Amino acid sequence: MVIAVDFDGTLFKDKYPLVGEPIYPVINYIKRAKEEGNKIILWTCRQGQDLAVALEACNQVGLTFDAVNCNLNERIERYNGNDSRKVGADLYIDDKAVRPEEL
């Protein structure tokens, strides 16, 4: 399974452009999912130095990623070399998410 997870408001409390306090229930879920063999993508609007700060914060709590703001190579290959702007995942974890049936 591929899991795409947001940073601000999801892994860490939203203090953009700063980094808020860690949200350990989500962090621990992601760590367990990775240990179980799932692929993890950090999926954030942060770029440049703001992204570097976020990645360092993740590193400090033991989070590592298979990709950052991009598709996994195996997903690109699966779709005949097409690398969509949309990050492909089986599960998206984001504080702004709404499921269609909730509308």
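Helices (H or I, at least four residues) and strands (E, at least two) are DSSP runs, numbered from the N terminus. The structure is a predicted model, in which local features need pLDDT of at least 70 and side-chain atom pairs count only at pLDDT 80 or more, while totals for chains, interfaces and linings use all residues. Residues are numbered from 1 along each chain as its sequence is written, and side-chain values use heavy atoms, with hydrogens and water left out.

The protein has three helices and four strands, and from the N terminus on these elements follow the order β-α-β-α-β-α-β. The C-alpha trace spans about 40 × 35 × 25 Å along its principal axes. The radius of gyration, taken over C-alpha atoms, is compared with a globule rule of 2.2 Å times the number of residues to the power 0.38. For 103 residues a compact globule would have a value near 13 Å, and the 14 Å of the protein agrees with this. Burial is assigned from relative accessible area, with buried meaning under 20%, exposed over 50% and partly exposed in between (1.4 Å probe, protein chains only). Buried residues make up 36% of the 103 residues. Contact means heavy atoms within 4.5 Å. Among contacts between residues at least 6 apart in sequence, 68% join residues at least 24 apart.

A nonpolar core is a set of buried Ala, Val, Leu, Ile, Met, Phe, Trp, Tyr and Cys residues joined through side-chain atoms within 4.5 Å. In soluble globular proteins, nonpolar side chains tend to be buried together. The largest such core here has 19 residues, and those with the most contacts inside it are Val5, Phe7, Leu11, Phe12, Ile30, Leu63 and Phe65. Two or more residues of this core come from each of β1 (2-5), α1 (24-35), β2 (39-42) and α2 (48-60). A second, separate core of seven residues includes Ile41, Ala67, Leu72 and Ala89. Beyond its neighbours within four places in sequence, leucine 11 is in contact with Val5, Asp6, Pro22, Ile23, Val26, Ile27, Ile30, Leu42, Cys58, Leu63 and Phe65.

Helix α2 has 13 residues and reaches 19 Å from its first C-alpha to its last. This is close to the 18 Å expected at 1.5 Å a residue, where the expected span is 1.5 Å times one less than the number of residues. Within α2, Leu51, Ala54, Ala57 and Cys58 are buried. These four residues lie on the same side of α2 because they cover an arc of only 120° around the axis, the arc being that of the directions from the helix axis to the C-beta atoms. An α-helix has 3.6 residues a turn, so residues three or four places apart point the same way. The buried residues of α2 pack against β2 and β3 (67-68). On the other side of the helix, Gly48, Gln49 and Gln60 are exposed. Just after α2, glycine 62 takes a positive phi of about 85°.

A disulfide is counted when a pair of cysteine sulfur atoms lies within 2.5 Å, and by this rule the count is zero. Cysteine 58 is in no disulfide, the nearest cysteine sulfur being that of cysteine 45, 15 Å away. Cysteine 58 has a relative accessible area of 0% and is therefore buried. Cysteine 70 is likewise in no disulfide, and the nearest cysteine sulfur, that of cysteine 45, is 15 Å away. At 34% relative accessibility, cysteine 70 counts as partly exposed.

Arginine 75 is placed in helix α3 (residues 73-78) and is buried, with a relative accessible area of 12%. Leaving out residues up to four places away in sequence, arginine 75 touches Val2, Gly88, Ala89 and Asp90. Aspartate 90 is in the loop between α3 and β4 (91-93) and is partly exposed at 46%. With the same exclusion, aspartate 90 touches Met1, Val2 and Arg75. Aspartate 90 and isoleucine 3 are 87 residues apart in sequence, and 6.0 Å apart in space, C-alpha to C-alpha.

Most residues other than glycine have a negative phi, and most peptide bonds are trans. A cis peptide bond, with omega about 10°, joins tyrosine 16 and proline 17; proline 17 is found in the loop between β1 and α1. Asparagine 69, in the loop between β3 and α3, has a positive phi near 55° and is partly exposed at 28% relative accessible area. Asparagine 80 lies in the loop between α3 and β4. Asparagine 80 also has a positive phi, of about 55°, and counts as exposed at 73% relative accessibility.
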